[in-house]
Amino acid sequence: MAGGLWKRVRNTFAKVPEIVRLVHDMRVGGCHEEFRTAREQCRRERERLRDMADGKPGEGEVASCAKATAALRKCMEGKDVLAKHLVAMDDGIREDEWRGWDPYMQAKRAARFRWWTGMSKCEEDHY
């Protein structure tokens, strides 16, 4: 049991440089506020989904997360510092939507910091 705990702690600390790099790039790129807002909106939506008995979000909740994600995407576009993070976000959202069942993808998710979890690909999907 103790070996599993240390492995989890080691894997968590291995993600810290990636987290610090992402936050630094968001600040340098000028999208830190949009990043923070999108993460907060989508976190609230995930918590509501978890707490609800039927598991279906309200229309306003999905729209607020999608709008926040779209605002973050718009801010990130055209900025060289944030280009790699934009590509990672698109790929990660696509993986979350299409490969949630795949054990290989679940192992891959555990190995790296997935800051885009819960975000929506496109704002138009919800209108």
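## Helices and overall fold

The protein chain holds six helices and zero strands, in a model that is predicted. Read from the N terminus, its elements run α-α-α-α-α-α. Among contacts between residues at least 6 apart in sequence, 69% join residues at least 24 apart.

Of the 127 residues, 28% count as buried. The accessible surface of the chain is about 8400 Å², and carbon and sulfur atoms account for 57% of that surface.

## Nonpolar surface patch

Phe-13, Val-16 and Val-20 make up a nonpolar patch on the surface, with about 300 Å² of accessible area together. Phe-13 belongs to helix H1 (residues 2–14). This residue is exposed, at a relative accessible area of 59%.

The whole structure contains seven salt bridges. One of them pairs Asp-25 with Lys-84, with the closest N and O atoms 3.7 Å apart. Asp-25 lies in helix H2 (residues 16–29) and Lys-84 in helix H5 (residues 83–98), so the pair ties together parts 59 residues apart in sequence. Asp-25 counts as buried at 8% relative accessibility, whereas Lys-84 counts as exposed at 51%.

## Other salt bridges

Arg-73 and Glu-77 meet through their side chains in a salt bridge of 3.2 Å, N to O. Arg-73 is buried, with 19% relative accessibility, and Glu-77 is partly exposed, with 44%. Elsewhere, salt bridges with shared partners join Glu-40, Arg-43, Arg-44 and Glu-47 into one network.

Glu-40 is partly exposed at 27%, and Arg-43 is partly exposed at 30%.

Technical notes. Residues numbered from 1 in each chain as written. Predicted model: local features only at pLDDT ≥ 70, side-chain atom pairs only at ≥ 80, totals over all residues. Heavy atoms only, no water. Helix = DSSP H or I, 4+ residues; strand = E, 2+ residues; numbered from the N terminus. Buried < 20%, exposed > 50% of the residue type's maximum accessible area, 1.4 Å probe, protein only. Contact = heavy atoms within 4.5 Å. Areas by Shrake-Rupley, 256 points an atom, 1.4 Å probe, with all protein chains shown as cover. Patch = residues over 30% accessible without salt bridge, like charges linked within 9 Å, V, L, I, M, F, W, Y side chains within 5 Å. Salt bridge = Lys/Arg side-chain N within 4 Å of Asp/Glu carboxyl O.
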